[in-house]
Amino acid sequence: MDYNLLVNLEACRDALVPIASLVYYSHLPAIAVSLLFSVYVFLNRRDLPGILLVIISLLFVTFMSFDFYQYVFTDQGTWIMLT
């Protein structure tokens, strides 16, 4: 068996490129559900737990948006999936 790191990473990249569009199904629904749920809770309960949920949800959406942007608009999208 060949343990050449560069060859193995290239093979992994070639295997991941056809299924790379699955990241849309993992990031965008999570962002939408998080925002919708936190806004719904905030509109029904405007107390401290509702506000904290909105703040945590906004932090989560920010992180997911940066991760999504990095994955889609950089050339190293397959490297992100490997880490």
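Predicted model: local features only at pLDDT ≥ 70, side-chain atom pairs only at ≥ 80, totals over all residues.
I take buried as under 20% relative accessible area, exposed as over 50%, and partly exposed as in between (1.4 Å probe, protein chains only). Residues are numbered from 1 along each chain as its sequence is written, and side-chain values use heavy atoms, without hydrogens and water.

**Whole chain.** I looked up burial: 22% of the 83 residues count as buried. Next, secondary structure, taken as DSSP runs numbered from the N terminus (helices H or I, at least four residues; strands E, at least two). I found 4 helices and 0 strands.

**Helix H3.** This helix covers residues 48–73. I get 37 Å from its first C-alpha to its last over 26 residues, close to the 38 Å expected at 1.5 Å a residue. That expectation is 1.5 Å times one less than the number of residues. Buried in H3 are, among them, Gly50, Val54, Phe68 and Tyr71. Leu48 also lies in H3, but Leu48 is exposed, at 56% relative accessibility.

**Salt bridge.** I searched for a side-chain nitrogen of Lys or Arg within 4 Å of a carboxyl oxygen of Asp or Glu. The structure holds 1 salt bridge. Arg45 and Asp47 form it, at 2.9 Å from N to O. Arg45 is partly exposed at 45%. Asp47 is partly exposed too, at 31%.
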